[in-house]
Amino acid sequence: MTLRRKEFTVTEQAEINAFLDEMTFGYLATVGEDGWPHIKALNFVHHEDAVYIHGSRLGEKISDFKRDNRVTFAVAREFSLIPSYFSDEKLACPATTFFKSVSIRGTTSFVEDLDEKARAFTLFMQKLQPEGGYDPIDPSDKEYRKNLNGVSLIKISIEDLTAKFKFGQNLTENSKEDLINRLEERGTELDQETVEMMKKFCPHHAKQSSSGN
């Protein structure tokens, strides 16, 4: 499945949102002063039509944002590696990997509103520390207010989003069943998760599942 944002169904958008909520970090590309793209790995949260990142008020990425606010942000997760000999005993060509990926193009802005900052950092904490163990982030709290004023929060307004979830959708029904059997036989935890994704995104399995209800 490779789709651009304007093509998403409600179900596909929900799948993409769930993936972005699951992942804890992605890769940000900015336009460098030297003309080269600058890429950094960092934590993020996704909310509505934006991605939020944070950091100090100084540094390379801040300078890049101020000079050119166009950015690209990418998130990816690799699932099972598929060896060539699963389908061909001679050629290396069939070797591949299954994965989910999302690529975003957008523009950055600096968030100064403390209520918006509090909401965004609450999302960060819910993702990175779901067990709690802290007081709610409240800008009316003197200590929180000081910290919220001191940290830089950057909002990436999404202008274009492309998603690719690769799980053998182009395989024939027989080839797909054979691959599922091989992954189940290999039996790693990641293989089991990959099989679930193959069945979820395979039209044949989806049709079987719906007809069995």
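Me: How many helices and strands are there in the protein?
Reply: Quick heads-up: this is a predicted model, where local features need pLDDT of at least 70, side-chain atom pairs count only at pLDDT 80 or more, and totals for chains, interfaces and linings use all residues. Residues are numbered from 1 along each chain as its sequence is written, and side-chain values use heavy atoms, with hydrogens and water left out. Helices (H or I, at least four residues) and strands (E, at least two) are DSSP runs, numbered from the N terminus. Going by that, the protein has seven helices and eight strands.

Me: What is the mean pLDDT of the protein, and where is the pLDDT below 50?
Reply: pLDDT is the predictor's confidence in each residue, from 0 to 100. The mean is 91, and 92% of the residues reach 70 or more.

Me: Which strand pairs with E8 over 13 bridges?
Reply: Two strands pair if DSSP finds at least two bridges between them. Strand E5 (residues 50-55) pairs with E8 (residues 152-166) in the antiparallel sense, over six bridges. The strand joined to E8 by 13 bridges also runs antiparallel to E8, and it's E7 (residues 96-111).

Me: Is Glu 15 buried or exposed?
Reply: Glu 15 sits in helix H1 (residues 10-22). Leaving aside neighbours within four places in sequence, Glu 15 is in contact with Lys 100, Phe 165, Lys 200 and Phe 201. Buried means under 20% relative accessible area, exposed over 50%, and partly exposed in between (1.4 Å probe, protein chains only). Glu 15 comes in at 14% relative accessibility, so it counts as buried.

Me: And what is the relative accessible area of Val 151?
Reply: Val 151 is in the loop between helix H4 (142-150) and E8. Beyond neighbours within four places in sequence, its contacts are His 54, Gly 55, Arg 57, Lys 117 and Phe 121. Val 151 is buried, and its relative accessible area is 19%.

Me: How far apart are the C-alpha atoms of Val 151 and Glu 112?
Reply: Along the chain, these two are 39 residues apart. In the model, their C-alpha atoms are separated by 9.7 Å.

Note on methods: Contact means heavy atoms within 4.5 Å.
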